[in-house]
Amino acid sequence: MSSSAAIDFFASKNVNVRASSTARAAEAEDLITVRLVSINDVYDLTRLPRLASFVRSLGPKKSSENSNANDASTTIDFDDTIPPSAVTLSGDFLYPSALSSIDNGRGHVAALRAAGITHVSLGNHEADLPLDVIKDRLGQLSQRGRIVVLNSNVSGLGRHSREIGIIGSNCGKIKVGLLGLLSSESGMFRDGTFRGLNIGDVREKYLQMMEKVDMMGNNMDCLVPLTHQSLNADAELAKWMLDIQSRFEKKLPTGEVIIGGHEHVKIHEFIESDEHDRTVQIIKSGQDAERAAIIDLQFNASTRILEHVAVHFEELDERHQPCPIVSSIVNKHLSALDQLQDFIVFDKNTMLSDYFIDPSTGEDLPLSSKLPRYEQTTVGAMFCTAIKSELGADVCIINGAPIKASKLYADGTMSYDGLRNELPFPLKMVMVEMTYKQLRDAIQYSRSNVEKGKTSNMLEDGRIERRGYLQTDFDYWRQSCGEDRNHDFNDDQILSVALPRNLLKGFCKIQPLMDLQNELEARNALPNKDDYIKAVDLIVRYCCKDRWATIAQNFSFTAFPIVREELHTAIKLMLGEEPSDALVDSMVDALHENADGFIDENEFNKLLSKVRSQP
């Protein structure tokens, strides 16, 4: 049913929804409150223990306990004696993070389950993981009904997500439906799909769910969408909700609130109807559980009509002591990163080894990041090759400025700590389409023009420093030198190119890329501002797969499946010390295609085949 047809359908039934403004709030004793606690966009797990403590502090108090102090920003006093009916997370709960780059979201799942999250909805960055991994993680989240995965508009995710989640008031009289609506905005996803799965229009789906709930006769009192989209798109949804409400003359389960994600700052917006005394509030708490939004839906006890929405933001700071149990779980998984500090993530002797031989002379090329602002480096090419592989791009480019270590790796190896020293800042990689000519022109411009307004050093041989000097992946490097005729391109050929987002915005003033930005903007083809992945995370993900090749070459696995105890022994021999459980799990997650916790022969052979096929 189309949106116009659906609206006509409801109008023909003389349907109405009453949505009251805050000015019509009733006295507290006449209200039934359904409380929601909300966070969004969690990339850093370290505040989840404080969230857990805060959530558990809500509810009836003993006489000796004190309630939280009132917050001056609230419209009514914050009553901490009311327990939450749901604790929600509006998208970006699996990826990206340094931890997820090595464990594919396993640590995030464990932390969210422990922290008391009850409902999550999908974010755009969940799609940065392979589809089979996403399904595994959603299954782990929802195992034994611990967390409900709300997904109202992405088709094909199977049994581990629900179109709607139903929560109720403590007395059981009020029922609230929660929807999970992922952005259908142009530019949010490179191909307009969620890993190949269709994303239904947010507004159309909201209306369809209203119709479905009404026809099912569930006596739902309110529908609340958990969204993951831009503030502009949330505002459009709010206007849509107000427009629908204005046409109805009978109570239907719409709501006065949108609980959103995607933005990383605190947002509390009011969208008002021009014709009616109705308001929809848009609430986003900001990223990483720095604070929680407490949303009280207050219903008239007699009519069950939503009379008032009260919002309070609680800073999850030192006033809230971390929950010891959740802290233990978070620290256990984060220990994988500590273990990786000295772990060799790249070894040119076993990884991309053919690229470290000069095809014209046969001489060995060192692993070096020296002078990335003056010349192409092998470290720059390795980084670009890893990112290109992980994103499935045709070419990858990175400017020399963010490559910081300027180091020769004499033994040809780089540790995780060395990688972080090379790329200490969050280099945000995006994918865009451009012609081969545009790419070639950008590279040539970056290597021949001096950025205006910047002081540049000159080497004794006359080479000039250029912070925009574009490093490329190994394939493009060889092709541009005429040493690889298997990757020839023609000028008009469209290529998918991975590059740092800030280069399009004018960083280093590479004019062909700035022109491309204008062209993409005119075609509404620019990546969404949140559609990026950090370079370090992509490189680590790529390198973890390669460490399997090193293990395979040095250790003989006589039987399959490979269980984690065998892998533990192999890594111990490589490291010379006991690896943490989290590191072993991370190595398993880098390769396995299901959630069984071990590596079967097919998975192992698939990796070896991929590695052996690399030049």
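**Asking why: strands and cysteines**

Colleague: Which residue stands opposite Leu223 in β7?

Modeller: In this predicted model, Gly177 stands opposite Leu223.

Colleague: What makes β6 and β7 count as a pair?

Modeller: At least two bridges are needed between two strands. Strand β6 (residues 175-182) and strand β7 (residues 222-228) have seven, so they pair. The sense of their pairing is parallel.

Colleague: Nice! What sheet do these strands belong to?

Modeller: An open one of six strands, ordered β5-β6-β7-β8-β10-β9, with mixed pairing.

Colleague: And what makes β5 and β9 edge strands?

Modeller: Each of them, β5 (164-168) and β9 (267-272), pairs on one side only.

Colleague: Which strands does helix α6 lie across?

Modeller: Helix α6 (residues 202-216) lies across β5, β6 and β7, and its angle to β6 is about 155°.

Colleague: On to the cysteines. How many disulfides are there?

Modeller: The count is zero. Take Cys384: the nearest cysteine sulfur belongs to Cys396, 3.9 Å away. A disulfide needs the sulfur atoms within 2.5 Å, so Cys384 is in none.

Colleague: Is Cys384 buried or exposed, and how do you know?

Modeller: Buried means under 20% relative accessible area. Cys384 has 0%, so it counts as buried.

Colleague: Why is Cys323 called buried as well?

Modeller: Its relative accessible area is 8%, and because that lies under 20%, Cys323 is buried too.

Notes. Residues are numbered from 1 along each chain as its sequence is written. This is a predicted model: local features need pLDDT of at least 70, side-chain atom pairs count only at pLDDT 80 or more; totals for chains, interfaces and linings use all residues. Side-chain values use heavy atoms; hydrogens and water are left out. Helices (H or I, at least four residues) and strands (E, at least two) are DSSP runs, numbered from the N terminus. Contact means heavy atoms within 4.5 Å. Axes are lines fitted to C-alpha atoms, for helices over the stretch in contact, and angles run from 0 to 180 degrees between N-to-C directions. Buried means under 20% relative accessible area, exposed over 50%, partly exposed in between (1.4 Å probe, protein chains only).
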